[in-house]
Amino acid sequence: MSSTHVMPAITVTEDENPSKAKVSVVPIASVTFPPKFEYKVVSKSPRIATISNLLTTEEMQSIIAIAKPRLKASRVVGDGVNSSARSSTSCRIPRAHKDVMSVLRRLSEITGYSIDNFETIQVVHYDETQEYKAHNDWFNPNGETYASHMKNGGQRLITIFCYLNDVTGGGETCFPKLDLKFAPHAGHAVLWYNRRRKDEEGGAGMDDRVLHAGTRVTGGEKWGMNVWIRERKYIKK
Ligand SMILES: O=C(O)CCC(=O)C(=O)O
């Protein structure tokens, strides 16, 4: 493991991350990055980036082993179980394992957000033919379940979707409104902001442009991991 890495060319301002002013629970010196780690800005508005080599092979194997016995039919926020929009299985995993924590520490350093703001990690698994149709990760202020979701940690400000294996066919993460598509590659991730800054076109508000889908897997299986960063501390239940 090497500590050589390219620091992100992205600045999180204090108005969008008030907790940045507070002391991080993780000392920066303890964070190590895999060799060839690279953070690349893809779009400045909406803010989207790719992260190459975020996870090591050992970390991916551990995360999959932790998740495998826990998988259940995926739920959709505010839409109940077995929604036709999402045919994958998923589960939440504890962060206590060192191979989960090492990834979260990197993401805390990259984004400037404390791990305290990270929602419980979700691992997703798609078999061949499975998919997750276009959706937003943010809680809809007009939705029935908005208040209950917001109570613990507030809005999902940032999504980091990590790829835990190489997929034989399909399974891209697709942003139909932006004409952007990311193919799944083991150890890599896509990061995006779900809320516009006030200086972005349209002004501050939840961002419809980051509507995205996990396209149908056409060969092999796909493992992924969702890291959602909330605007405030998220209490694990
Ligand atoms: O599978 C993907 O590429 C995206 C998954 C996703 O959007 C989600 O789990 O919320």
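**Which residue in β13 is the bridge partner of Ala49?** The model shown in these views is predicted, and in it the residue of β13 that forms a bridge with Ala49 is Leu191. The strands β2 (47-52) and β13 (189-193) are joined by four bridges and run antiparallel.

**View 1. The whole protein chain, with its secondary structure and contacts.** The secondary structure of the protein chain amounts to three helices and 18 strands, and of its 237 residues 32% are buried. When contacts between residues at least 6 apart in sequence are considered, 75% of them join residues that are at least 24 apart.

**View 2. β13 and its pairing with β9.** The strands β9 (156-163) and β13 are joined by five bridges and, like β2 and β13, they run antiparallel. Within this pairing, Phe161 has Val190 of β13 as its bridge partner.

**View 3. The two faces of β13.** In a regular strand, side chains alternate between the two faces of the sheet. On one side of β13 lie Ala189, Leu191 and Tyr193, while Val190 and Trp192 lie on the other, and all of these residues are buried, so that both faces are covered. Counted by residue, five of the five residues of β13 are buried, and the strand is described as mostly covered.

**View 4. The largest nonpolar core.** This core holds 41 residues, of which Ile160, Cys162, Ala189, Leu191 and Val227 touch the most other members. At least two core residues come from each of β2, α1 (57-67), α2 (98-111), β7 (121-126), β9, β13 and β18, and β9 gives the most, with six residues. Leaving aside residues up to four places away in sequence, Ile160 touches Leu107, Ala189, Leu191 and Val227.

**View 5. The residues around the ligand.** The shell around the ligand is made up of Val124, Tyr132, Asp137, Phe161, Thr173, His212, Gly214, Gly224 and Asn226. Sorted by class, this shell has three nonpolar, five polar and one charged residues.

Technical notes
Residues are numbered from 1 along each chain as its sequence is written. This is a predicted model: local features need pLDDT of at least 70, side-chain atom pairs count only at pLDDT 80 or more; totals for chains, interfaces and linings use all residues. A residue is near a molecule or strand if its C-beta atom, placed from the backbone, lies within 6 Å of it. Ala, Val, Leu, Ile, Met, Phe, Trp, Tyr, Cys and Pro count as nonpolar, Asp, Glu, Lys and Arg as charged, and the others, Gly among them, as polar. A residue is buried if 20 or more other C-beta atoms lie within 10 Å of its own, exposed if 12 or fewer, and partly exposed in between; C-beta atoms are placed from the backbone. Two residues are in contact if their C-beta atoms, placed from the backbone, lie within 7 Å. A nonpolar core is a set of buried Ala, Val, Leu, Ile, Met, Phe, Trp, Tyr and Cys residues joined through C-beta atoms within 7 Å. Two strands pair if DSSP finds at least two bridges between them.
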